[in-house]
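Here is a short briefing for a first look at this structure. Keep the sequence and the 3D view open while you read.

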Amino acid sequence: MNAGVEGTALKAAAQEWGAAHGVHIEVVELPYANLFEKEQLDLSSQTGAYDVIMLDDPWFPSMAGDLAKLPRPPDSDFVTSCLNVCRNPYQSGEYFALPYVGNAQLFFYRKDLFEKYKLGPPQTWDEVLAAAKKIGAGEKMYGYVMRAAPGNAVVADFMPLLWAFGGDVIDATGKVVCNSPAAVAALRFMLELGKYSPPGYAGFNADEVSAHLLEGDAAMSINWPAWIAAMDDPAKSKVVGKIEFSPMPSERKPGVGELGAWLVAVPKGSKHGSDAFDFIYWATEPAQMKEAALRGNPPTRRSVFEAPDLIAKFRAFPAQLASLEAARPRPRTAQWNEIENSFGIYLSKANAGAMDPLQAMLAAAEAIGTILERH
Amino acid sequence: MSVIAAPARGRRVPEGFWWVFPSILVLLALSIYPLLYAVKLSLADRRNFTRLLSDRLFFTAGVQTIVLTLAALAIEFALGLALAVLIDSLARGRTFFRTALLVPMLLPPVVAAVAWRLIYNPQFGVLNGSLRRLGFDTSHLTWTSGEGSALASVILVDVWEWTPFLFLLLSAGLQAIPTEPLEAARVDGAGAWRIFCDVTLPLLKPTIVLALLLRGMDLVRIFDQIFILTQGGPGTATETVSLYIYRTAFRFSNFGYAAAMSFVLLAATLLFSRGLLKAMRAR
């Protein structure tokens, strides 16, 4: 499992289930950068080293073929966007995993400053840009902060803009469309937002973005639910209670955040398949998911998001559920890691000022086309 | 028992062969087998090698690896030699300075890279913070985030961490130089610079070759600092061959192409080593 906040609740659940069933469970925690390679190697060689794996949803298309089919389909309490990425093929096929962490991007903004400048909650990206200019100038701070380090970082911050402008990376027929006018316009808009971001954002990852929000010198950003708790933690934050969380702003199309669900699955090569399935069904039951939510895990069940006692404790839950319901997964292709890397390189170059948006998108489309042709 | 006979052929196995035989087996299993397996992987699809010729990212990464290696090696050598000569000439405090200078090298590269990532942060980092206190405008100083400054920033970290390695080797080399030729040169009236160029440097040449070879080979494979500091960015500004090989193998699961690139990197390293040896011999 992932050795980050996403794995904490599952680790505790595994130990609890093991103690209750008299089963010795060995938990292997790996940093995100190594988790994929370890799991992929285990799955492709069917060593059976792991009985349950935790996987990030973009990895599912390349791993699904080596996962064991679920013995029964999940119930309808799970959020649909989370269930869709557990099916192979996407949306319509059989289930090979259960959703455990309900991550979808949210929009973070300084509610106190929006009120001060008499601005309504940002509904569109144009409003975001206008607010960034106004608050940035008025408060001598950065109106917006984003991450544009190559790879996953810049792609994750660009996808909500790309979708809101009506663009995409690959269309339903598998054709590369990231060189469309809509995609170029989205990148131009990203660079415009970059003017109100801190210098050096072209090298930022999630920790730098959150540091600027926590220090109170940036007014808005796209971020993941994992950072919500830190915003209201007086030990880490100078903006306790001042950050509001909302679903993604719209533009030409309705606002959509990127889905970043973590799934639990049983490899085909597992030597204890029956126990492994018992565990993943148990861990994703409403009662267990509620326990996990109390340990900081964003749930994947509607009933848990809507529980009044949890809403009282986690003020962002309504926004998280709305964002999760609308969230879109990254393109469902087994080559996504390679495509994301290429796409991220050109987006990062554009943000660093080394390429203009049109040039960057044409180059990205060519590189992605080459990757798809090769496979 | 001094020899073990091999009765079937009547040949004599050298004394001690069976004592080292387990080590040979371990070496074959851990070193030779993976190497042969990598050869098999790279040749499984012949397009792996032809793809290299048209892979722009591989070309960019290759050029940057060369630039980084040569620049870092030149700076580290110049600084390491200067420090070694300077500290060797001190009458007192040599042990203290030698120990103090080794501290960066003793840090794990990942720890050093994390520390430098914080130091380089344009807004909260100590580097820009200090410059701001001194009255400089740091708004354009983005270090690892700038297209033009990222590679130089990575080189600076490498210089900080590995100059002590060259200093250590060259310092040991200086101490091993016999005093007689130096005294003879002094008696003949040679100045300090002349003695350094005509006596010290030629006598130090074997150590210099060894130091440049070891550090050069390590630089060609540079990975951890870049992975932590920039992940190859912004764009491809700090992409190196090792980083590209890692991604190809472990992120894109294309082990054959990664193996093919590894062999090209190995060949380049061998050529670099041979070229360096030749150049040093020719002088």
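In this predicted model, 53% of the 375 residues of chain A count as buried. In chain B, buried residues make up 32% of 283.

**Chain A overall**
- Chain A has 17 helices and eight strands.
- Its radius of gyration is 21 Å, close to the 21 Å that the globule rule gives for 375 residues, so chain A is as compact as a globular protein of that length.
- The C-alpha trace of chain A spans about 60 × 50 × 30 Å along its principal axes.
- Take the contacts in chain A between residues at least 6 apart in sequence: 71% of them join residues at least 24 apart.

**Chain B overall**
- Chain B has twelve helices and two strands.
- Along the sequence, the pattern of chain B is β-β-α-α-α-α-α-α-α-α-α-α-α-α.
- The radius of gyration of chain B is 24 Å, well over the 19 Å that the globule rule gives for 283 residues, so this chain is more spread out than a compact globule.
- Along its principal axes, the C-alpha trace of chain B spans about 80 × 60 × 35 Å.
- Of the contacts in chain B with a separation of 6 or more, 70% are between residues 24 or more positions apart.

**Where the chains meet**
- The contact between the chains involves 21 residues of chain B and 23 residues of chain A.
- On the side of chain B that touches chain A, five residues are nonpolar, 13 are polar and three are charged.

**The two domains of chain A**
- Domain 1 of chain A brings 15 residues to the contact, and domain 2 of chain A brings 16.
- On the domain 1 side, the elements that give two or more residues are helix H3 (60-63) and helix H15 (317-326) of chain A.
- H15(A) gives the most to that side, with five residues.
- By class, the domain 1 side has nine nonpolar, six polar and no charged residues.

**The nonpolar cores**
- The largest nonpolar core has 126 residues.
- Those with the most contacts inside this core are A:Ala132, A:Tyr144, A:Leu263, A:Val264 and A:Leu347.
- Helix H7 (residues 152-164) of chain A gives the most to the core, with ten residues.
- Why does this core lie between domain 1 and domain 2 of chain A? Both domains give residues to the core, so it lies between them.
- Beyond its neighbours within four places in sequence, A:Leu263 is in contact with residues including A:Leu55, A:Phe60, A:Cys86 and A:Tyr100.
- A second, separate core has 45 residues, among them B:Leu212, B:Ile222, B:Leu229 and B:Ala259.

**Strand S5 of chain A**
- Strand S5 (residues 106-110) of chain A has five of its five residues buried, so the strand is largely enclosed by the rest of the structure.
- Both faces of S5(A) are covered. A:Leu106, A:Phe108 and A:Arg110 are buried on one side, and A:Phe107 and A:Tyr109 on the other.
- S5(A) pairs with strand S6 (residues 220-223) of chain A in the antiparallel sense, over four bridges.
- A:Phe107 has A:Ile222 as its bridge partner in S6(A).
- S5(A) also pairs with strand S7 (residues 243-246) of chain A, in the antiparallel sense and over four bridges.
- In S7(A), A:Ile243 stands opposite A:Arg110.

**A:Ala219, a loop residue**
- A:Ala219 is in the loop between helix H9 (206-215) and S6 of chain A.
- Is A:Ala219 buried or exposed? A:Ala219 counts as buried, because it has 30 C-beta neighbours inside 10 Å.
- Leaving aside neighbours within four places in sequence, A:Ala219 is in contact with several residues, including A:Tyr109 and A:Arg110. A:Ala132 and A:Tyr144 are also in contact with A:Ala219.
- A:Ala219 and A:Ala131 are 88 residues apart in sequence, and their C-alpha atoms are 8.9 Å apart in space.

Key. Residues are numbered from 1 along each chain as its sequence is written. Chains are lettered from A and ligands numbered from 1 in the order in which they are written. This is a predicted model: local features need pLDDT of at least 70, side-chain atom pairs count only at pLDDT 80 or more; totals for chains, interfaces and linings use all residues. A nonpolar core is a set of buried Ala, Val, Leu, Ile, Met, Phe, Trp, Tyr and Cys residues joined through C-beta atoms within 7 Å. A residue is buried if 20 or more other C-beta atoms lie within 10 Å of its own, exposed if 12 or fewer, and partly exposed in between; C-beta atoms are placed from the backbone. Domain bounds come from an automatic or database domain assignment. Two residues are in contact if their C-beta atoms, placed from the backbone, lie within 7 Å. Ala, Val, Leu, Ile, Met, Phe, Trp, Tyr, Cys and Pro count as nonpolar, Asp, Glu, Lys and Arg as charged, and the others, Gly among them, as polar. The radius of gyration is taken over C-alpha atoms; the globule rule is 2.2 Å times the number of residues to the power 0.38. Two strands pair if DSSP finds at least two bridges between them.
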